[in-house]
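Colleague: Could you walk me through reading a few features of this model?

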Amino acid sequence: MSSLSRELVFLILQFLDEEKFKETVHKLEQESGFFFNMKYFEDQVQAGEWDEVERYLCGFTKVEDNRYSMKIFFEIRKQKYLEALDRNDRAKAVEILVKDLKVFASFNEELFKEITQLLTLENFRQNEQLSKYGDTKSARNIMLLELKKLIEANPLFRDKLTFPPFKTSRLRTLINQSLNWQHQLCKNPRPNPDIKTLFTDHTCAPSNGARVPPPTNSPLVGPIPKAGAFPPIGAHSPFQPVVSPSPSAIAGWMSSTNPSLPHTGVAAGPPGLVQPPNAAAFLRHPRTPTSASGMDYQSADSEHLMKRIRTVQSDEVSFSGASHPPNIYLQDDLPKTVVRSLNQGSSVMSMDFHPQQQTILLVGTNVGDIGIWEVGSRERLAHKKFKVWDVSACSMPLQTTLMKDATISVNRCIWGPDGSIFGVAFSKHIVQTYTYNPTGELKQHLEIDAHIGGVNDIAFSHPNKQLSIITCGDDKTIKVWDAVSGGRQHIFEGHEAPVYSVCPHHKEAIQFIFSTDIHGKIKAWLYDCLGSRVDYDAPGLWCTTMAYSADGTRLFSCGTSKDGESHLVEWNESEGAIKRTYSGFRKPSSGVIQFDTTRNRFLAAGDEFQIKFWDMDNINILTTADADGGLPGSPRLRFNKEGSLLAVTTSDNGIKILANTDGQRLIRMLESRTFEGTRRPSEAMNTKPPIVNPLNSVTNVSAPLAATLDRSDRMPPAVSMNSLAAIDGNRTVDVKPDVDKIKSWKLADIVDSAQLKTLRLPDTLTTGKVVRLIYTNSGLAVLALFSNAVHKLWKWHRTDRNPSGKSTASVQPQLWQPATGTLMTNDTSEANQTEESAACIALSKNDSYVMSASGGKVSLFNMMTFKVMTTFMPPPPAATFLAFHPQDNNIIAIGMEDSTIQIYNVRIDEVKIKLMGHQKRITGLAFSQSMNVLVSSGADAQLCVWSIDGWEKKKARLIQAPAGRPAPLVGETKVQFHNDQVHLLVVHESQIAVYDGKLDCLRSWSPRDTLSAPISSAIYSCNGRLVYTGFCDGAVGVFDADSLRLRCRIAPSAYVPPSVASNSSAYPLVIAAHPSEPNQIALGMSDGGVHVVEPLDMDLKWGAPPPQDNGSLPSISSNPLLSNQASEPPPR
């Protein structure tokens, strides 16, 4: 339904309400699902009208839609059940238990048993948890409070709890205006016409008299609009129309109201934060980009999609027409658990996490010190006390200031975009920048005498595609500096008070800067000399900072007034107005409030000795965290890039690190990692383990490779892949190996089940080959897609033998199905049944939904109910690979059988662009968020690199054929990015290879000796240190990821049970790597079996890394046939 049709429903609702059609009003609310009347819902609950309560609710959600909905229905039915017990109506209670509550047994069997046991009690209040249950009225009121919270948090009710504001009798007014217009068009208009029907257009009967002017009033219609009463649309533009000083550069995003004046006044219209290129068009569709066809007024194609899935929206993929597509998260996604406490030694003034290495934290203090912490290992990598590097180069005012008072504080420290540089703004004049490498080494780079007085803020930007430093200070100016030379590029003057903060940003190709001063004035600047483009007031009129959401689509500011009143708001950029104001701050605040954003979803601010969190779409506080106490009144805070960690300052000059589940897993990984064997020379320089971040991963997607891994923030290895290649290529034959170390190292050859732990997952159905296999992101289950389009899900449960409930080869899992017995089966009505390569699968980040295809339409399934939420993309051509965009879960890259890649927006059911560059079907896709590219691979053995920004092809290369194999190669080629998001694993039946971001081959390995069969699949371990490779003879090789040297060979006899092996020559078609256990894998077999394999408890790992001291490589092995398994440098 288009937005105009939706608004018409609201007009009808208002009309019915005004005409007192009460039952009809609520029926339309329920049937349309556009407005949830909370007052009506409360009245029905308090009256105990349970049937009506559920009927009304069902217009907006169903039990199985999501966790919130399930909890809502459960609370209602539980209350109905308790009331029946309280009336001693056992028969009714049993009926409710069987008909209403049993549906929840499949989700929590223990709870259902406990509810059932209440029937055996004389008074259910004898149950300890229900001992405080009062009378019916109070119980309903208590439940209502809980229901309201659940409804407000439920994404399906978003934008449905508030009736749109418009004038009374709006529908009648519109009809009056229409009749007036019809009367104006009459050939012979009569004064005071008698209008008796709305079913036909109004016309006045002809008369013999002269034409008379139209009436000013009539019994039904109101005053007739005068000609010209409605101004042209441009009159409502955020800025007065002027000639832009540089149309090609500014592109209409910002226009100066008077180019001749250095500091423009406020425009007559409301000021806009950022003006779109076409103001008139934008105002007609204010939420629609100019390149789009209009999302508020949906096309017929998107409308039919919306109708099908209105009530069952995905937690990961939003199909609504909202301007900001919701990515649904739970409170558990917020970092609230304290995992680290660091002692900085002096009061922390500023913090910033490294943009790529998720556990590296930059800290600046009130005595001018800067420090860099590895929060995982609690190691302080660097500590620098403040000093002026070159006093002779300082201005006289600075030298005078330092002589009078040498104390200095850090006002702001921040990493550059790629983390190779950071800048520090000090409280007196100076900005210093350092270069940084992953070993923790700092080098002085620039020292700039930037401002007279304090430098209050610093930021990095890329105007003209060159890195620049932006600063602001007490001298009321904003300055832009070349980040390489330190030369000044721009100075912006116009503030009448010290400038407090800067916020650089860009829209398409337009670069601009927001700035705020201590009088609460907000200005916006382009990189020119034409003055500020906007001038308006921030709430509170004092210290304010601004920040965009991570995807750059939403603008927020947070400030505190001199009276201590704090304001956190979201801005409407197109109108220069506040869109929403978030509530929940203490009055007065004890200091200037600091805030941060994360995941395009959450806001956090330090206030009242705690951290307060908001959902961006809800003005009320979502939750709070006190970090186990010890926080100052207004603590400073900072999220890491993925939102898994949150640093917060403490009142004892320290920092606490809070983590969510992913962050805790990351920290545990770092704790558990030990260096195996003797440390290599490079590791002696860098004792920190490479950072592993299991966030955002759609783990092992579209196996054999997890091509949609979007783990963007890992520490690069101490020695790069290029360095390894160089080291190997420069070895000399006269270097003597360390014989003792070589003798102590043995290449593991596992041939018996007693040498590992293995488990064939239980399965009673015959379903063909396993063509795709993935672990859930939680590590609690394994999902397989079979060649007959059926999915199977194995879940592990918490037991005494498996207290974590995670997948393991030691405990048998359950082949899980919902209580309905539904099978999760892909559409194959239009599929080519002989083409297994068309099977593809991708899992949502919170394991709630899976997107899958088997040659037919792409299906979206609910993982809780196995129900199909929607289908799209019917063949031909068939989808052959799926990958979620790392920054927008509504965007999916879909590889197709016809060799194209379709960039598809699920929300609006539209293909944004088709990418063409391959000659055969697409077999692999991998996003790199840090490089901002998509890499594709095809059955033509070609790799292509596409820019995410404009989707243009940057580079293409055929993979190199191994020695002795004819070129060019053909056949399925898979790709997966390493954790560092730079190095790329390429898998073909002829080789595994590592490429860099420029598609240069750094290292390759080809089948030979005892691993001579063609390669069937390969994948990185979750920590990026191993490569698991399957072969068509059933063997599995475990390789060191850095060198592609073989560590361990697993023969099929070790993991395939003898009863199966005697009747089968099965081999692993696909390998899946566990998301948090680097030594556990799952094998999807050609005979339909799924095996979970991991080392013995005494071993903990697969083999051992081959020693590489003095550049030598071992040639001795426990199995002479495995001795020559070194990788090869790329052929030249």
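Modeller: Gladly. Let's start with F199, which counts as exposed because its relative accessibility is 81%; buried means under 20% relative accessible area, exposed over 50%, and partly exposed in between, with a 1.4 Å probe and protein chains only. The model is predicted, so local features need pLDDT of at least 70 and side-chain atom pairs pLDDT 80 or more, while totals for chains, interfaces and linings use all residues. Residues are numbered from 1 along each chain as its sequence is written, and side-chain values use heavy atoms, without hydrogens and water.

Colleague: Where is the place of F199?

Modeller: F199 lies in the loop between helix 9 (170-184) and helix 10 (247-250). Helices here are DSSP runs of H or I with at least four residues, strands are E runs of at least two, and both are numbered from the N terminus.

Colleague: Which residues touch the most other members in the largest nonpolar core?

Modeller: A nonpolar core is a set of buried Ala, Val, Leu, Ile, Met, Phe, Trp, Tyr and Cys residues joined through side-chain atoms within 4.5 Å. Here the largest has 41 residues, and F36, F41, L57, Y81 and L101 touch the most other members. Helix 5 (67-86) is among the elements giving two or more residues; with ten, helix 5 gives the most.

Colleague: And in what order do the four strands of the open sheet run?

Modeller: Strands pair if DSSP finds at least two bridges between them. The order is 22-23-24-25, with antiparallel pairing. Strand 22 (595-598) and strand 25 (621-625) are the edges, each pairing on one side only. Strand 24 (610-615) joins strand 25 over four bridges, and K612 stands opposite T624 in strand 25.
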